[in-house]
Amino acid sequence: MIKIVSFKELGLSNTKKMFKVAQERKFAVPGYNINNLEQLQAIILGCGESESPVIIQISQGAREYANQTMLRYLAQGGVEMAKEQGFKIPITLHLDHGSSFELCKSCIDNGFSSVMYDGSHLDYEENIKVTKKVVEYASDKDVSVEAELGVLAGIEEYVKSDVHKFTDPDQVEDFVKRTGCNSLAIAIGTSHGAYKFKVEKEEDIPELRFDILQEVKKRLGDFPIVLHGSSSVLKEYVEIINKNGGQLERAFGIPETQLRKATQYGVSKINIDTDGRLVVTAIVRKILAEKPKEFDPRKYLGPARDELKKMIIRKNKEVLGSAGQAKFII
Ligand code: G3H
Ligand code: 13P
Ligand code: ZN
């Protein structure tokens, strides 16, 4: 018999109060993805020092890479480390892009405090059916459920899409009402990965569809909206990578000014994975190129972790507005 663990035993929080406060105070809670120890340390330290609530996201790929049990304990370790450091921040453990009811159930039973069921690739009625089933299972245990309507372009291991289908504002009320989900990810022009736009220059990056966001907000009022694919693909790190043997050409993300605008329009959660990956790769490449004799992983992963922490603090302060907000939630 597998022991069922509630997130409450692990000291984790669901997203309900976080999003309520985020709506009232007009900021976005960061959803940062992890696959390993150093990323988790950087997130806990970065969010702890900037007093930001945080959603730690685990994708299906991350579960396979790091082992699902290991990741659960890692997250639990993160909560304990935050306490030991004296940080008073709410921490959510979230399944990112769950592709089936069974996977969501397994995460809920294993201490996750939030899950995303991503049925965006399904037809509308099927998306509603499975999302609703996840919500029914989760709500019993007070676990939050994020759903998605509309399709983001971009490549991930488990959610692959060549098309971009903006969210139809005419569907959102019906979808939220019938599924009972706690937050909704919408497609307004963001996409996953480091190549979000097929443009030659930064100046040619198009604006997000703020008109759709505003229409959705009109229909849903204070309901929490999520933006996936919201890395900015920070130029300084792309340059370090390319200077040190990397080949990332025409990699462009969502300008931070647009993300700030999205928080003002009432987006409550912003997902960032690629920017963290770029920081780690940039620092590791630089150190290994400058010190070819180095072979102690702590000597390159440690500085990568420190730089990631710095990036997180800056994002929380300057982009998401989540810095200093933890005290209004706890
Ligand atoms: O949106 C999801 C994340 O970027 C996870 O990507 O499937 O490569 O772990 P992954
Ligand atoms: P990025 O690839 O833009 O970082 O998006 C991450 C994401 O949406 C995770 O769910
Ligand atoms: Zn995503």
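The donor residues of the zinc ion (ligand 3) follow the sequence spacing H-x94-H-x35-H. Donors are N, O and S atoms within 2.8 Å of the metal (3.2 Å for Na, K and Ca); water is not among the atoms, so sites may look incomplete. This is a predicted model, in which local features need pLDDT of at least 70 and side-chain atom pairs count only at pLDDT 80 or more, while totals for chains, interfaces and linings use all residues. Residues are numbered from 1 along each chain as its sequence is written, chains are lettered from A and ligands numbered from 1 in the order in which they are written, and side-chain values use heavy atoms, with hydrogens and water left out.

**Zinc site**
- His97 (NE2), His192 (NE2) and His228 (ND1) coordinate the zinc ion (ligand 3) at 2.0 to 2.1 Å.
- His97 sits in strand 3 (residues 91-98), and His192 in the loop between strand 8 (183-186) and helix 8 (210-220). The two are 95 residues apart, so the pair links distant parts of the chain. Helices (H or I, at least four residues) and strands (E, at least two) are DSSP runs, numbered from the N terminus.
- His97 is buried at 5% relative accessibility; His192 is buried at 14%. Buried means under 20% relative accessible area, exposed over 50%, partly exposed in between (1.4 Å probe, protein chains only).

**Positive phi**
- Most residues other than glycine have a negative phi.
- Val233 is not a glycine, yet has a positive phi of about 50°. Val233 lies in the loop between strand 9 (225-227) and helix 9 (235-243), and is buried at 5% relative accessibility.
- Arg250 also has a positive phi, near 50°. Arg250 is in the loop between helix 9 and helix 10 (256-264), and is partly exposed at 47%.
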